[in-house]
Amino acid sequence: QVQLVESGGGLVQPGGSLKLSCAASGFTFSSYAMRWYRQALGKERELVASITGTGGKINYADSVKGRFTISRDNTKNTVYLEMSSLKPEDTAVYYCNVVIRFHYWGQGTQVTVSS
């Protein structure tokens, strides 16, 4: 019943920006921390950013600090990831995640940064 649906990925040039969205359903959204992960081809999935249920605590991977912003709108059951100053190494499939006993994942959205 838990469902996470990412959107907003695409092809952008280095230095460009994208905003990803994750629409959540099937659980009490505001009660749970939300996370964004990414997985580049041939690499392990890595945690990019997390945000607590009411948005009070936010964490970022060192590689994206200052460039990415995670936020959530609990009235819309949606978590966002704003990405700027994108680099080729940001190319990956980006996944929305919530832990409710175990990990739930969206289908992922592809972000490709290339000139």
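1. A search of the whole structure finds 5 aromatic pairs. Rings of Phe, Tyr and Trp (its six-membered ring) pair if their centres lie within 6.5 Å; planes under 30 degrees apart are stacked, over 60 edge-to-face, the rest tilted. This is a predicted model: local features need pLDDT of at least 70, side-chain atom pairs count only at pLDDT 80 or more, and totals for chains, interfaces and linings use all residues. Residues are numbered from 1 along each chain as its sequence is written, and side-chain values use heavy atoms, with hydrogens and water left out.

2. Tyr95 and Trp105 pair edge-to-face, 6.3 Å centre to centre with 85° between the planes. The pair links distant parts of the chain: Tyr95 is in strand 9 and Trp105 in strand 10, 10 residues apart. Strands are DSSP runs (E, at least two residues), numbered from the N terminus. Tyr95 is buried at 14% relative accessible area. Trp105 is partly exposed at 33%. Buried means under 20%, exposed over 50%, partly exposed in between (1.4 Å probe, protein chains only).

3. Phe102 and Tyr104 are stacked, 4.8 Å centre to centre and 25° between the planes. Phe102 is partly exposed at 45%. Tyr104 is partly exposed too, at 24%.

4. Strand 9 (residues 92-100) and strand 10 (residues 102-105) run antiparallel, joined by 4 bridges. Strands pair if DSSP finds at least two bridges between them. Asn97 stands opposite Trp105. Arg101 takes a positive phi near 70° in this hairpin, which has 1 residue between the strands.

5. Arg45 lies over the face of Tyr95, 4.0 Å from the ring centre. The criterion: NZ of Lys or CZ of Arg within 6 Å of the ring centre and within 35 degrees of the ring normal.
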